[in-house]
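Keep the 3D view open as you read.

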Amino acid sequence: MTLLDVDNLTIRFKTDEGLITAVEDVSFHIAPGEVLGLVGESGSGKSVTAKALMQLNGRNTVYDPASRITLHGDRDIDVLGLRRERDMTPIRGGEISMIFQEPMASFAPALTVGAQMVEQLRIHTDLSKKAARDLSIEMLDRVGITEPQRRIDQYVFEYSGGMRQRAMIAMALSTRPRLLIADEPTTALDVTIQRQVLDLMRDLTAEFGMSILFITHDLGVIAQIADRVAVLYLGRIMEMGPVRDVLRTPAHAYTRGLLNALPDLDNLDAPLTPIPGDIPSPLERPSGCVFHPRNPELAPGSRYERDVPPLTEVRPGHVAALFPEDAA
Amino acid sequence: MTPLVRIEDLTVAFPLGRSLLGTPPMLKAVKNVTLDIPKGSFVGLVGESGSGKTTLGRAILRAAPISAGRITYDDGTNHFDIGQMTAKAERAFRAEAQLIFQDPYAALSPRMTVRDIIAEPLEVLGLTHSRAETDARVRDIAAKCRINLEHLRRYPHAFSGGQRQRISIARTLAAGPKFVVADECVAALDVSIQADILNLLKQLQRDLDLTFLFISHDLSVVAHVCDYLAVMYLGEIVEEGPTRAIFANPQHDYTRTLLAAIPSLDPDQRSRVVRN
Amino acid sequence: MTEISQSAKEAYFTASQGQLIWARFRKQTGAMVAAIILGILILMGLFADFVAPYDPNLAGANQDYTNGAPQIPRFCDDAGCSARPFIYGVKRERSLATNFRWVTTVDTEDRRYVQFLVRGDRYQWFGVTLDRHLFGVDEGKIHLFGTDDLGKDIFSRTFHAIRTSLAVGTLGVVISFVMALTIGGIAGFYGGWIDGVLQMITDAIRTVPAIPLFMALAAFIPDTWTAEMRFFFISIILGLVGWPTLARRVRTHLLVERNQDYVLAAKLSGAGSGHIIRRHLLPSFTSYIIVDLVISFPYMVLSETALSFIGLGLKDPVTSLGVLLQNTTQADVLLNYQWYFIPVLFFVALVMAFVFVGDGLRDAADPYGEHGK
């Protein structure tokens, strides 16, 4: 039984220049205790997808009527069907928690860290103020912040970058969410801190039994933390499957391009091969397979220019946006 | 042969807050750093936040104050002592040494066309004498940076991050400098574009005979483009040497930690750099 | 899904900031309607001499029709319809039957046809002497908004009042703008102790309450000054009181902008302060300044109205809304001559139009604010 099902998610935005498609026909599922990585560059729609799970996108968002996000549990909740703000409250911070790239932006600067953590607990649980404070101190300790009894009464600007991110993780996990959405949580961190935070998240997933939707552009991070990965480009899934399969034997040209563009540290003489071209502006969305203009492996006039390829199974559990004849 | 840029025992200190009595406590962003940058080289300056690498780069360009020590620039014909320059010398120096910024969104004025942005250094330094001459030089450098010439009349909001960075590079190179400080100039770009910009920088180095100081926190990026590396930690250079030597055999503990922290693309391996 | 055409995309890519703001402004119907109304009112104010049939002061007064009700032109009456609009003539008579009081009666037999582009009272318009008016009647006078107790045509006075108020507002806004730009600009650009000192001065002036300050300054105007001198003095006072708020906005904006990367890039290219101010800093807040100017306009107009209403501002023969309203406080007027208040409607429209246009401009210039998107 899956924890979360996303089916045919299509998200568009109303802008001055017209209706822009950010996410198109994205479907995936997350099992309990699983880490699903969402990989993409700018314009891939990964953040928009994640925010849709908690309806955090702006008021100019248009969800396609066929889109469905279902959170399974004692009751199945149709997330996109929830219209009122207070119906969303148990989900936001309760069932699903989110941590962001910039911790300074998620902690209020004028409240102590403890005040915010306690507030979150009081909204989502029945704990008394004292019990909530004790739990918060325990969580700060669990994420590796030294002297938690002292730190809990400090303000977020008194924390270092890595500590802030840990505090955010502590706050997000204190309500025992079943799903944690991590939107580029380590991108702004130094690489040595990133290593520690990733190790922490891995340990906590095992201990708490929760799932993570981990969004990043860094394939190395995905390799270290994710069980399965979905590769997004311009709002469509290009490839999805177990992380070993996708990274070792990528089926789609875009995934291959991403892997090839990374510097190879074993061979410092090898040239760097970028993916040709540029990410098109949202106003100029390509027809057919959205990646086709930049795909160096395609012959001109191929079917990918006109028709949208379906997600074809390449291997058990591993799909790619290819026409069946190419998925052999 | 004298290096192009020589940094001798440089210290850059900033006051922490204000103090009514006496001098306020100072934060030493750069402590007693000595480094030589040979002409034609591509030197990498690596470190995490707080290492002082950005401050060092800016100090060379006189965008940060020199508290102690000396920086000299000598390309054979011109000789500048960065710490003590007359206004006239500074103007001449600006034509020789330039900076590429990290954030392609903040580095371009949103109210100027691409052509005007690239032309600005030429006009400010008075290096061209007619609009036609300016236009010709703008088109020349834009073509070298692989900017579509039809895009010259567009405004920055029309472009993606990678394209903006190319415009930023074109602006940096318009006045024909010989020394370029690239401050995290690919950090804000997508991975597939990073490779493109790095290739462009290498090619420009060959075509225009440039010397680069490449500042980055990302070791995997510097690995491919830089021939010499200096690793900084808390304001000091803890290790320096040819890139391959550092990757093959890091001496300092911090360098080892830094290399070990790079996540491996192989899920069964923790770190990308496996050493025996 | 709407398809976006190629030319539209190219237009977006080559649009300057100003053009983008204009395009966003045009999408807001409220603001566009307000802008059209504002445009019409300003034009009518500029051409007040032409639009108004008579001189607004005593020279154009109609002694035969004091406190007269508005005369609405009509096309048809019992005697038939006509293509040209007409009004009825009035007769004023006094006799024993009326207790020797002047009584005005409307003579429905006497049709006076409205004519357009008539010759009438002479006026000076930017140095040129003209005498054409937009409309008039073949005989006698027409008073679309009625007359006041001295027979002055309220319609004419309304439009001259609009012009005067706009003129006072413009002058006040220009003065406050120049001062704000200079002081705020210096404070923001140099920072440091200069900024500290200028901020103290700005705040000190800001804390002085406006209305009592107006009253104090205005009460000192000697009666011997001509109306024009009064006019300038009032405008200057308004400008001097209004600059601190704008100066603070300018200073804050500059402090932020001068630390931007692209300013540093210009400095590293060898640009001097003058170049940076001209090419980077000034254009960066032009849109904010325009919005502020438009929004401060109605405050100037209303301040002048308040001053004149209590007798400390402009006086006859200069016409402004405050002057027009000076006579409206009598019970007689409130009960019987309600048409004295027609100018108020125009001013409400003028102020609201400014406010809507200013809001629209602000939303267009800053689409990431909390309003709407």
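When we say that residues meet, we mean contact, with heavy atoms within 4.5 Å. Helices (H or I, at least four residues) and strands (E, at least two) are DSSP runs, numbered from the N terminus.

Some ground rules: this is a predicted model, where local features need pLDDT of at least 70, side-chain atom pairs count only at pLDDT 80 or more, and totals for chains, interfaces and linings use all residues. Residues are numbered from 1 along each chain as its sequence is written, chains are lettered from A and ligands numbered from 1 in the order in which they are written, and side-chain values use heavy atoms, leaving out hydrogens and water.

**Helix pairs**

Let's start in chain A. Here A:G162, A:R166, A:I169 and A:L173 of α7(A) touch A:I193, A:Q196, A:V197, A:L200, A:M201, A:L204 and A:F208 of α8(A). Sorted by class, that contact has eight nonpolar, two polar and one charged residue. (Ala, Val, Leu, Ile, Met, Phe, Trp, Tyr, Cys and Pro count as nonpolar, Asp, Glu, Lys and Arg as charged, and the others, Gly among them, as polar.)

How are the helices turned? Axes are lines fitted to C-alpha atoms, for helices over the stretch in contact, and angles run from 0 to 180 degrees between N-to-C directions.

| Helix pair | Angle | Axis distance |
|---|---|---|
| α7 (161–173) and α8 of chain A | about 15 degrees | 10 Å |
| α9 (261–268) and α10 of chain C | about 170 degrees | 11 Å |
| α3 (114–124) of chain B and α10 (273–309) of chain C | about 165 degrees | 13 Å |

Angles under 35 degrees count as roughly parallel and those over 145 as roughly antiparallel. So α7(A) is roughly parallel to α8(A), while α9(C) is roughly antiparallel to α10(C). Likewise, α3(B) and α10(C) are roughly antiparallel to each other.

Which residues bring α9(C) and α10(C) together? From α9(C) come C:Y262, C:V263, C:A266 and C:K267, and they meet C:I276, C:H280, C:L281 and C:S284 of α10(C). This contact splits into five nonpolar, two polar and one charged residue.

**Empty space**

Rolling a probe the size of a water molecule over the atoms shows where empty space is left. On a 1 Å grid over the protein atoms alone, a cavity is a set of points where a 1.4 Å probe fits but cannot get out, and a pocket is an open set with protein on both sides within 12 Å along at least five of seven lines; lining residues have an atom within 4 Å of a point.

How many cavities of 30 Å³ or more does the structure hold? There are four. The largest has a volume of about 70 Å³, and its lining is C:D148, C:I154, C:R157, C:L324, C:N327, C:Y340 and C:P343. The second largest cavity holds about 40 Å³. Its lining includes A:Q194 and A:R195 as well as B:A261 and B:P263, and α8 (191–208) of chain A gives the most, with five residues.

Conventions. Parallel < 35°, antiparallel > 145°, perpendicular 65-115°, else oblique. Points joined across faces, edges and corners; volume = space filled by probe spheres on them.
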